[in-house]
Every structure is written in C-alpha cells, then in structure tokens.
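Hello,

Here is the structure I promised to pass on. Please open it first, then read my notes below.

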Amino acid sequence: MGFREVIVDENLSFFGTDRQQGFYLQRYFVKEWVENSMLILSIDDIDKCWKNIIAKDLERKYEGVKLIPIRDFEWGRECFVHDPSGVLLHFCEFKK
C-alpha cells in the first residue's frame, strides 16, 4: 500500500514512510482482537492514496478485502480498507 517494510525480527516489522511516521505489525494472532481492530492513518492526500489503493487490485488478489471509497465529512475525508484478517484500516485526510 505504499509503505516501506523494515524487518525488525522474524515476528516484527515496521511499515512507514520513515522512522518517524509509521506503524509496527507483529506476528501474533488472536482472533477476537483482529475482529475488533482498526488502524487510523492520517495522510496528506487522500485522492492520491485512494488511487494507489485501487491500483493494487486488492479485492481481486485477496479474499475478504473490502474497499470503501472516499467519503466527505465536516472534519475532512476518509476511505476504508477491510484487510483479509478483518482489521479495518481508515485513511484520513483531516482539514487544516
């Protein structure tokens, strides 16, 4: 999805644009946690992000992926990706 992966060890990776902006993913599966997890990512250009997401053809490549297009709100704009494990990813562009 455009993030660079830095492998910390066999069970932990950092995904981000640099060491200051990103998130860690750990190889640790608890079904109940995954089904109730979401990650909110603040981005600068939601249109560019959405084009990047669509270009990856994720719904065809991975069973269970669901994409929800950009929506406008009073606070800004966002789109959603439900990943194959059930985690909901929010991509948000907040008004400045």
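Predicted model: local features only at pLDDT ≥ 70, side-chain atom pairs only at ≥ 80, totals over all residues.

Now the rings. A pair of aromatic rings is described by the distance of the centres and the angle of the planes. The count here comes to 4 aromatic pairs. One of them joins phenylalanine 15 and phenylalanine 23. Their centres are 5.8 Å apart, with 20° between the planes, and the pair is stacked. Both phenylalanine 15 and phenylalanine 23 are buried.

Phenylalanine 73 and tryptophan 75 also pair. Their ring centres lie 5.2 Å apart and their planes meet at 5°. That pair is stacked because planes under 30 degrees apart count as such. Phe73 and Trp75 belong to one aromatic cluster with Phe94.

Next, the strands. There is an open sheet of 3 strands. Its order is E1-E2-E3, and the pairing is antiparallel. Strand E1 (4-9) and strand E3 (22-26) are the edge strands, so to speak: each pairs on one side only. From one strand to the next, the twist averages 25°.

How many bridges join E1 to strand E2? There are 5, and the two strands run antiparallel. Strand E2 covers residues 12-16. Arginine 4 stands opposite glycine 16 in E2.

Best wishes

Methods. Residues numbered from 1 in each chain as written. Heavy atoms only, no water. Pairing = 2+ DSSP bridges. Helix = DSSP H or I, 4+ residues; strand = E, 2+ residues; numbered from the N terminus. Axes fitted to C-alpha atoms, helices over the stretch in contact; angles between N-to-C directions. Phe/Tyr/Trp six-rings, centres within 6.5 Å; stacked < 30°, edge-to-face > 60°. Buried < 20%, exposed > 50% of the residue type's maximum accessible area, 1.4 Å probe, protein only.
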